[in-house]
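Open the model in your viewer and keep the selection panel at hand. The tour goes from one selection to the next.

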Amino acid sequence: VTGTGGATQREREAGLLKLLRGLLAYPLPKGVGWSQAFGGLLLASFAVQVVTGALLALYYSPSASDAWESVAYIEREVRAGSLIRGVHHFGSSSFVILLVCHVVRTFLWGAYKGKRRWTWVVGCALFACVLGFGFTGYLLPWDLKAYFGTRVGVGIAGSAPVVGSYLERLMAGGASVGELTLPRFYAAHAVILPLVTVGLVALHLLLLRVHGVTPHWKHGYAGSGRLFYPHQTAKDTALALLLVLVLLGLSSAFGAPLGERADPQNTSYVPRPEWYFLGAQQLLRLFQGSFESVGSFFLPALGAGAFVLLPWLDRNRERDPARRRVALSLGGAVLVSIIGLTVWGHFALDAEERALAERIAASAPITPGTPVTTGAPDDPEAAPDEAALAERGARLYRDLACDACHGADARLDGVPSLAFEGSVARREWLRAYLAHPTPIRYDWTGGPLLVRMPDFALKGDEPDELGALVAHLATRTDARFAFAALEQPATDAEIETGRRLFDDYDCRDCHVLGGEGDPLGPDLDRVGARLLPGYAMALLLDPEGVVPGTAMTDFALTEDEARAIARYLETLK
Amino acid sequence: MTDPTRRGLLEASIFVSGAGIAVALGLPGAAFLCTPLLRRGGSTWVDLGEVTALAASEMPIAVRFRFESSSGYTSSSKPGLLYVVPDAAAEHGVHVLSPICTHKGCNVAWAPAEGLFACPCHQGRFDAGGAPVSGPPNAPLARSAVRVDAGHLWAELGEAQA
């Protein structure tokens with residue numbers, strides 16, 4: 001034998017191509033084509049999610065204290081960060097859409113019947129994985145939407161009969177969604193689910209390879225003369241390229257949202273799950289009270305069970321849609337119900353958000369910074385029913401669980417103690433602030449703090465909740481903040497000295513005043529309307545003594561210096 | 001079976017599409033991945049105290065301080081150490097040396113008996129100017145840039161130290 005002239009095409013193929021052709025070059029039945037591309041597209045989508053997800057994991061930190069910052073870092077600082085995150089975000093939505101298309105196509109073709117029933121069951125498990133990815137991934141940015149969406153989702157699991165409370169605790173990693181939940185969801189999203197999914201996908205594809213592509217009901221197994229590779233693969237990859245380009249386009253046009261950092265105390269936020277869970281949420285709303293578990297557990301469980309067992313429930317051996325009227329009508333009804341519930345859920349949430357916004361607007365007529373004249377004046381003996389008001393305020397203070405954040409045992413970073421608030425803040429300011437809390441402290445980046453004062457939507461009259469709470473706080477005074485020298489009226493010279501000292505000690509290195517300075521410490525704009533001079537003076541003299549652990553520098557000021565600065569700050573109204 | 005030309009074209013289209021996907025995701029992905037190469041952190045300046053007092057010392061002074069260090073999305077207050085060495089030839093009468101041995105990164109300490117910086121790990125020695133004298137180190141101790149502001153000596157901490 002001389003030369004290679006006698007070698008067949010197959011013998012000359014290079015290894016990789018040979019592998020590809022050997023595995024995938026099986027004949028396609030007639031009538032198979034573009035509508036079969038959803039499976040390949042899902043595989044491509046999964047690859048896109050794995051690649052973008054692995055990239056995001058390079059910078060993401062799954063801890064409650066850093067998660068939001070790390071996502072913000074990806075968005076703002078990392079090259080192409082917002083693009084990659086956007087592709088991952090829109091990729092999850094397109095995944096669900098493609099999956100529904102894939103299921104509908106499989107259903108229409110009757111491809112779940114007979115020997116292909118286990119392919120269907122494995123596909124159902126993959127469906128569950130996709131929903132699991134969506135649910136666990138939703139929490140990871142740790143913004144308001146993520147936090148409250150997950151709280152609702154875990155709560156739903158908690159309403160399952162018998163095992164609910166155990167399930168909820170297992171999912172949350174503790175009593176409620178919090179610091180311990182994030183690592184769990186991250187592990188599920190980035191380690192456990194991907195591994196399970198890869199295994200199930202392999203099984204799904206193996207079963208496909210064993211049984212072959214479901215032929216068209218009209219043509220049966222008549223060959224088309226075309227092969228899965230390259231004929232179908234060419235269609236699949238062309239569509240995959242289109243999908244990637246669409247995802248990149250969506251990502252650069254809209255980007256992935258990142259809301260305010262999660263704040264467990266926020267009361268002005270309507271939880272909104274990812275859009276593909278809106279239908280499930282609406283189902284939940286339809287069954288309230290003692291029927292709650294019908295919507296949260298029995299109906300979904302029944303639906304999921306019927307979905308998985310479809311190959312056994314549907315005994316009709318026909319695959320031609322024209323002869324499957326019952327199955328098709330039922331399937332169509334289910335699809336329309338799910339889409340209807342999703343749209344309904346969307347509009348119901350919109351209405352709820354509007355209602356909440358109106359409630360907050362109606363209950364907080366005071367805009368921040370507007371001096372309130374209707375509240376009790378600074379003089380503690382002014383109103384005769386002051387004591388009764390303060391007592392109501394004390395109850396309110398307890399009912400709102402203010403000590404959960406402000407109490408001596410529960411001091412969070414950046415949350416002030418309220419132990420001596422009556423000596424700290426002016427009543428007019430307290431009233432306006434409680435009516436509409438606006439941030440006065442920032443974190444080191446100038447962004448919002450991890451914890452933020454919630455808007456409790458307190459009423460301004462009948463009953464005057466704001467007045468009551470302010471009256472109660474006003475009773476919390478401390479003799480440490482009473483300085484005899486401050487009883488004298490301030491002189492212009494003293495104020496001028498204070499202004500000069502404020503500049504000399506570079507207070508703007510840490511405080512913003514008049515739009516200048518670094519926001520490391522509290523904002524000093526209009527500080528005179530906020531703080532009482534006695535507190536300012538005590539804080540200047542001994543920062544650590546007044547606020548243990550404060551970042552405020554002890555400048556070792558004399559009493560005269562501290563008083564002058566306090567006098568100057570008092571003028572900043 | 002379809003003719004080989006068509007089959008070849010289809011195969012080519014698969015690789016073109018695949019390459020398109022790889023480029024469309026790969027380029028931003030590579031930039032994303034390589035961000036640490038493209039972004040460099042700035043340096044930090046720290047206050048080491050009154051320069052006249054430091055310059056009056058007879059031997060190097062270990063100045064310990066705390067500084068705000070931020071990397072990526074985290075920031076923390078870290079302890080730091082620099083040696084202020086009296087040096088009549090230097091502009092402000094001192095120069096400032098990093099304590100990090102250039103051999104394996106242990107912290108050197110001033111050994112008054114020898115008049116040298118001694119590294120406890122592999123017995124490396126540096127003179128007061130930071131030059132290696134004996135032992136394994138080949139490179140001198142890093143010198144910090146310094147400036148004097150209102151009588152205080154400030155030294156620069158590089159990105160790696162901060």
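Select R499(A) and D503(A): their side chains form a salt bridge, with the closest N and O atoms 3.3 Å apart. This is a predicted model. Both residues sit in helix α20 of chain A, 4 residues apart, so about one helical turn separates them. D503(A) is partly exposed, at 34% relative accessibility. R499(A) is partly exposed too, at 33%.

E496(A) has a relative accessible area of 40%, which makes it partly exposed.

Now go to chain B. Select R147(B) and D149(B), which pair in a salt bridge at 3.5 Å, N to O. R147(B) is partly exposed at 32%, and D149(B) is partly exposed at 39%. Back in chain A, pick E494(A), D560(A), R563(A) and R567(A): salt bridges with shared partners join them into one network. Over all chains, the structure holds 19 salt bridges.

How many salt bridges cross the interface of chain A and chain B? The rule finds 0. It does find 4 residue pairs in polar contact there. Color the side of chain A that touches chain B. α2 (15-24), α3 (37-57) and β2 (223-227) are among the elements that each supply at least two residues. α10(A) gives the most, with 12 residues. That side divides into 26 nonpolar, 7 polar and 5 charged residues.

Last, show both chains. 38 residues of chain A contact 28 residues of chain B. Together the chains bury about 2,900 Å², 72% of it on carbon and sulfur atoms.

Conventions:
Residues numbered from 1 in each chain as written. Chains lettered and ligands numbered in written order. Predicted model: local features only at pLDDT ≥ 70, side-chain atom pairs only at ≥ 80, totals over all residues. Heavy atoms only, no water. Contact = heavy atoms within 4.5 Å. Buried area = accessible area lost by both parts, 1.4 Å probe. Salt bridge = Lys/Arg side-chain N within 4 Å of Asp/Glu carboxyl O. Polar contact = N/O pair within 3.5 Å; in protein donor to acceptor, adjacent residues only side chain to side chain. Nonpolar A, V, L, I, M, F, W, Y, C, P; charged D, E, K, R; others polar. Buried < 20%, exposed > 50% of the residue type's maximum accessible area, 1.4 Å probe, protein only.
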